[in-house]
Structures are given as structure tokens and as C-alpha cells.
Amino acid sequence: MHNALFDHQDGASPSAMMLDITAEKCPMTFVRTRLALDGLPPGSLLAVRLKGEEPRRNVSRSVRALGHLILSEDEDADGSVVLTIQKKGGPKTA
């Protein structure tokens with residue numbers, strides 16, 4: 001499911017919205033991520049699935065520059081990466 005935003009529960013973390021941008025190229029990877037974050041309340045979690053080193057670097061750097069937290073970066077066997085992002089303004093997660 002590409003460019004989709006949907007509820008994601010993995011049992012180990014609070015409910016997060018999931019955004020699949022594996023089919024996108026820079027700069028649209030960050031544009032889609034930012035639009036998704038803008039639509040969430042402060043402190044919400046967004047899991048972003050992306051593919052490639054350039055999107056991984058650019059999305060991570062841009063998200064941090066806006067003050068959001070990247071809680072984890074998990075690599076999948078298919079070469080994609082899932083960034084779990086906490087939107088700024090909520091309670092801090094260790």
C-alpha cells in the first residue's frame with residue numbers, strides 16, 4: 001500500500017499511524033511525511049516506511065530539524081526502513 005496513512009499497532013508501542021512512501025522519490029518523501037505529521041496532534045507517533053539511503057537521510061534530517069523525535073529506525077528484510085517519529089509538543093519518550 002503506497003502513499004497510505006493507516007492505523008498501525010505492533011503490540012510493543014502505543015498506536016501509531018503508518019505512512020508508506022516506498023514508491024516516492026525525494027523531495028516528495030519528506031513532503032508526504034510532513035503533511036502526515038501536520039495532521040496529527042502533538043505527541044502522536046508516525047511510522048514511516050521508506051526505501052533508499054537518500055530518503056532515509058533526508059527525511060531523518062528534516063524531521064529532526066523541525067523538532068520532532070525519531071524514536072527508532074528499523075530495517076526490514078526487503079531493504080525498506082521504518083522510522084518511528086514522535087511529533088513535537090507531546091510528552092518526551094526515552
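This is a predicted model: local features need pLDDT of at least 70, side-chain atom pairs count only at pLDDT 80 or more; totals for chains, interfaces and linings use all residues.
In what order do the elements of the protein chain run from the N terminus on? I looked this up to begin with: the order is β-β-α-β-α-β-β. I count 2 helices and 5 strands in the protein chain. Helices here are DSSP runs of H or I with at least four residues, strands are runs of E with at least two, and both are numbered from the N terminus.

Residues are numbered from 1 along each chain as its sequence is written, and side-chain values use heavy atoms, with hydrogens and water left out.

**Entry: the whole chain**

I noted that 39% of the 94 residues count as buried (under 20% relative accessible area; exposed is over 50%, partly exposed in between, with a 1.4 Å probe and protein chains only). The accessible surface comes to about 5400 Å², and carbon and sulfur atoms hold 53% of that (Shrake-Rupley method, 1.4 Å probe; for residues, only the protein chains shown count as cover). Then I checked contacts, meaning heavy atoms within 4.5 Å. Among those between residues at least 6 apart in sequence, 52% join residues at least 24 apart.

**Entry: the two helices**

How do H1 and H2 pack? I found H1 (residues 28–38) and H2 (residues 53–65) at an angle of about 40 degrees, with axes 9 Å apart. The axes are lines fitted to C-alpha atoms over the stretch in contact, and angles run from 0 to 180 degrees between N-to-C directions. From H1, the contact uses Thr29, Phe30, Thr33 and Leu37; from H2, Pro55, Val59, Ser62 and Val63. I sorted these residues into 5 nonpolar, 3 polar and no charged. Nonpolar covers Ala, Val, Leu, Ile, Met, Phe, Trp, Tyr, Cys and Pro; charged covers Asp, Glu, Lys and Arg; the others, Gly among them, are polar.

Next I asked which residues of H1 are buried. They are Thr29, Phe30, Thr33, Ala36 and Leu37. Seen down the axis of H1, they fall within an arc of 125 degrees, so they line one face of the helix; the arc is that of the directions from the axis to the C-beta atoms.

Thr29 sits in H1 and has 1% relative accessibility. Leaving out residues up to four places away in sequence, Thr29 touches Ile21, Glu24, Pro55 and Val59.

Pro27 is in the loop between strand E2 (16–20) and H1. The peptide bond from Cys26 to Pro27 is cis, with omega near 10 degrees.

Is Ser60 buried or exposed? Ser60, in H2, is buried at 5% relative accessible area. Beyond neighbours within four places in sequence, Ser60 contacts Pro55, Ile70, Glu73 and Leu83.

Leu45 belongs to strand E3 (residues 45–51) and is buried at 10%. Leu45 and Lys87 are 42 residues apart in sequence, and I get 6.3 Å between their C-alpha atoms.
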